[in-house]
Each structure stands twice: as C-alpha cells, then as structure tokens.
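Have the viewer open as you read.

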Amino acid sequence: MRKFFITDIHGDKEGLELLLGHAGADLKRDQLVFGGDMINRGKDSAGVVKYIKELTERHPGQVHALIGNHEEMMGDYIKNGDRLWLSHGGHDTLESFARAFSDQKERQAHMEWAYSLPLYYADEEFVYTHAGLCTVEPLEQQSREILWMTEYEFYRQPREELLTLTNGRPVIHGHTPVERIYFDGARMNCDMGSNTYAVLEERSLGIVNLTEMIYHVYKQADQRLENRRIGRI
Ligand SMILES: [Mn+2]
C-alpha cells in the first residue's frame with residue numbers, strides 16, 4: 001500500500017486526472033488524501049468536487065477528502081450569506097456548479113458535501129490537514145482558524161510541540177503555494193499553486209507519493225509533467 005496526497009487543486013480537473021494516472025495510484029490498495037481547496041479560480045470547480053466525491057464513495061477506506069478555506073468560504077456563503085467567497089472565485093464556482101448540475105438537489109448535495117468535510121485526517125504515520133495545526137489545541141479540538149494558517153504561522157511554532165501534538169507524526173498540508181516540496185521531518189507543504197501562484201509559468205499541481213518520497217508535477221502553462229524527489233531540510 002502506497003500513500004498519496006494532493007491538495008489545492010483549485011478547479012483543475014484535467015491536471016488532477018492526468019496526475020492520478022501518471023502517479024499510477026491503485027485505489028483498491030493505495031491510500032489517497034485530498035487536502036482541500038478543490039474549488040475556485042480554475043475552470044472546472046464542480047467537476048473536481050464531483051470527481052473527488054465519487055472517488056471517496058467508490059473507495060471509502062482508501063480515499064479521504066478534507067475541507068480547505070475555499071470550501072469553508074463557500075459554506076459561509078451558502079449557510080450565512082457571507083459574501084467573502086464571491087470575491088475569491090465564488091461567482092465562477094457558482095456558475096460551474098449550475099452548468100454541471102441541472103438538478104438543484106444534486107447541486108446542493110455536492111456543495112454541502114464539500115463544505116462539511118473534516119478538518120484533518122490521521123493514519124498511523126501522518127496527520128493530514130489543509131493549512132496547518134495549532135500546537136496549543138488538542139488535535140480533536142482544533143479551531144476552524146487553522147484553515148487560514150499561513151506557512152509562516154505554521155512553521156513558526158516549535159516543531160517539538162507540533163510532534164507532541166501529533167504523537168510524532170509529521171503533518172502533510174497545503175494552502176501556501178511553493179515551487180518545490182520539502183520535508184523538514186515535521187511538516188510538508190504540498191501546494192504548488194494551481195491557478196494561484198503569482199508567476200504564471202510556475203503554477204502547477206503536484207501529487208505526492210509519501211511512501212517513496214517522490215512527487216509528480218503538472219505544469220499548467222506548458223502542460224508538462226515532471227517527476228521529482230522530495231527535498232529534505
Ligand atoms: Mn489554496
């Protein structure tokens with residue numbers, strides 16, 4: 001059994017499918033965790049949600065999906081009318097959902113599924129979450145603020161405290177776009193800036209193979225695939 005992680009897809013369904021095929025994940029055996037931010041900015045937010053929801057239903061023990069701050073914003077909009085989401089790609093995402101689901105019930109069910117996902121997932125080796133963890137709150141009682149934690153805030157906390165919180169398990173996450181994926185023994189940021197990163201040529205989507213400590217990158221600007229080893233620091 002190998003373990004895969006992919007995060008911050010931001011509406012790039014093409015890239016997601018390409019990378020899953022390229023990484024050779026066998027979901028009858030392998031584990032795949034989605035780190036949140038499935039939606040906004042890219043052109044097929046609804047398609048990504050539908051695809052991931054189906055995968056979790058088809059492989060319930062193998063595939064796990066987490067909420068990101070973009071799904072949180074969507075939930076705040078749907079539940080409370082909070083308009084913040086609309087200025088972060090929500091308008092386009094609403095249109096994407098309207099196009100993908102003519103049936104309103106089905107549309108709502110997919111949105112509700114996405115914004116009701118858990119804050120973290122843990123197995124015996126790793127803890128997975130969207131942006132980071134707060135070392136002064138127990139793992140089961142993390143505040144929803146962790147969905148917005150920048151890499152700077154997360155990495156500023158002492159790593160020993162973090163590893164105490166997680167029982168020695170490193171945290172696999174996304175949220176802050178980076179050009180390369182590094183592992184410092186306690187944290188690994190896997191957001192490669194799909195449809196987000198300021199430099200267009202560097203925007204990409206990565207799927208991480210945690211078992212072999214390699215990752216596969218899809219460069220969206222020139223549709224190139226690269227295989228890389230995870231850096232150690
Ligand atoms: Mn993101």
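## Ground rules

This is a predicted model, where local features need pLDDT of at least 70, side-chain atom pairs count only at pLDDT 80 or more, and totals for chains, interfaces and linings use all residues. Residues are numbered from 1 along each chain as its sequence is written.

## The whole chain

The protein chain has seven helices and twelve strands; these are DSSP runs numbered from the N terminus, with helices being H or I of at least four residues and strands E of at least two. Its radius of gyration, 17 Å, is close to the 17 Å that the globule rule gives for 233 residues, so the chain is as compact as a globular protein of that length. (The radius is taken over C-alpha atoms, and the rule is 2.2 Å times the number of residues to the power 0.38.) Along the principal axes, the C-alpha atoms fill a box of roughly 50 × 40 × 35 Å.

Of the 233 residues, 43% count as buried, meaning that 20 or more other C-beta atoms, placed from the backbone, lie within 10 Å of the residue's own. Among contacts with a separation of 6 or more, 63% are between residues 24 or more positions apart; a contact needs C-beta atoms, placed from the backbone, within 7 Å.

## Helix α2

Helix α2 runs over residues 45-58, and its 14 residues should span 20 Å at 1.5 Å a residue, which agrees with end C-alpha atoms 20 Å apart. (The expected span is 1.5 Å times one less than the number of residues.) Its buried residues are Ser45, Ala46, Gly47, Val48, Val49, Lys50 and Ile52. Their cover includes α1 (13-23), β2 (31-34), β3 (63-65), α4 (90-100) and α5 (104-115).

## Its helix partners

α2 and α4 pack at about 60 degrees, with axes 7 Å apart; axes are lines fitted to C-alpha atoms, for helices over the stretch in contact, and angles run from 0 to 180 degrees between N-to-C directions. Here Ser45, Ala46, Gly47 and Lys50 in α2 meet Thr93, Ser96, Phe97, Arg99 and Ala100 in α4.

With α5, the α2 axis comes within 10 Å and the crossing is roughly 75 degrees. That pair is therefore roughly perpendicular, the class for 65 to 115 degrees, while angles under 35 are roughly parallel, over 145 roughly antiparallel and the rest oblique. Ala46, Val49, Lys50 and Lys53 in α2 meet His110, Trp113 and Ala114 in α5.

Notes
Buried ≥ 20, exposed ≤ 12 C-beta atoms within 10 Å, placed from the backbone. Contact = placed C-beta atoms within 7 Å.
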